[in-house]
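I opened this entry to record what I looked up in the structure. The notes go from the overall fold to single residues.

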Amino acid sequence: MNHTVHHDLNDEEAKSAVLRAMAKYCDRYAEYAPSILWSDERHAHLGLSFKGFTLSGRLELRPRAVDFAIDMPLPLRMFNRMAIAAIDAEVRRCIDDAHRERARRRAPVALAQEGPLSGSRHAERQRHDHP
């Protein structure tokens, strides 16, 4: 089973998103003993036990994409779509989180803190104080 999730993140953001996704996936599906072992900065080996079968796979981080390849035993191939959907959803959720985090970092910092005399209240107060 091969699957690619496309993204527009830089390398650091993509790896962070994949790490978060895999951590969530491992927590959510702990009963299947999922594992991830990074062999280098861009490649990881995946493992999973399901219905008495051990599945293995690979993950590759590429610019603008994350590739998954999972070796599915014949009796489990009927679960391909379910496995793809679960992995895809988790990775996309974490990519969306990375987008929100990026936007938060780029958001302009407010110069003045909202207080009792800020904004329209300040203008109203000035009108009453200075006729």
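I counted three helices and five strands in the chain. In sequence order I read the pattern β-α-β-β-β-β-α-α. The model is a predicted one. I noted that buried residues account for 33% of the 131 residues. I also looked up the contacts between residues at least 6 apart in sequence, and 50% of these join residues at least 24 apart.

**Strand S5**

I started with S5, residues 65-71, and asked how many of its seven residues are buried. Six are, so I put the strand down as mostly covered, taking under 20% relative accessible area as buried. I then looked up its partners. S1 (residues 2-6) is joined to S5 by five bridges, and the two run antiparallel. Within that pairing I found threonine 4 bridged to aspartate 67 of S5. S4 (residues 53-62) also runs antiparallel to S5, with seven bridges between them. There I found leucine 59 standing opposite phenylalanine 68 of S5. The hairpin of S4 and S5 has two residues between the strands, and I noted that arginine 64 takes a positive phi near 70° in this hairpin.

**Helix H2 and aspartate 88**

Next I took H2, residues 80-106, where aspartate 88 is found. I checked the length of the helix: its 27 residues should span 39 Å at 1.5 Å a residue, and the end C-alpha atoms are 39 Å apart, so the two values agree. I listed the buried residues of H2, among them Ala83, Ile87, Asp88, Glu90, Val91 and Arg102. What do the buried residues of H2 pack against? I found S1, helix H1 (11-28) and S5.

Is aspartate 88 buried or exposed? I put aspartate 88 down as buried because its relative accessible area is 16%, under the 20% cut-off. Which residues does aspartate 88 contact, once neighbours within four places in sequence are left aside? I found His3 and Val5. With histidine 3, the side chain of aspartate 88 makes a polar contact of 2.7 Å.

**Aromatic rings**

I then went through the rings and found four aromatic pairs in the structure. One of them is tyrosine 25 with tyrosine 29, a tilted pair at 4.7 Å centre to centre with 50° between the planes. I noted tyrosine 25 as buried, at a relative accessible area of 10%, while tyrosine 29 counts as partly exposed at 25% relative accessibility.

Another pair I recorded is phenylalanine 50 with phenylalanine 79, edge-to-face, at 5.1 Å centre to centre and 80° between the planes. This pair links distant parts of the chain: phenylalanine 50 lies in strand S3 (residues 43-50) and phenylalanine 79 in the loop between S5 and H2, 29 residues apart. I checked the cover of both rings' residues. Phenylalanine 50 is buried, with a relative accessible area of 12%, and phenylalanine 79 is partly exposed, at 21%. I noted one aromatic cluster formed by Tyr25, Tyr29, Tyr32, Phe50 and Phe79.

Last, I looked at a charge over a ring. Where does the charged end of lysine 15 sit? I found the charged end over the ring of tryptophan 38, 4.5 Å from the ring centre.

How values were computed: Residues numbered from 1 in each chain as written. Heavy atoms only, no water. Buried < 20%, exposed > 50% of the residue type's maximum accessible area, 1.4 Å probe, protein only. Helix = DSSP H or I, 4+ residues; strand = E, 2+ residues; numbered from the N terminus. Pairing = 2+ DSSP bridges. Polar contact = N/O pair within 3.5 Å; in protein donor to acceptor, adjacent residues only side chain to side chain. Contact = heavy atoms within 4.5 Å. Expected span 1.5 Å × (residues − 1). Phe/Tyr/Trp six-rings, centres within 6.5 Å; stacked < 30°, edge-to-face > 60°. Lys NZ or Arg CZ within 6 Å of the ring centre and 35° of its normal.
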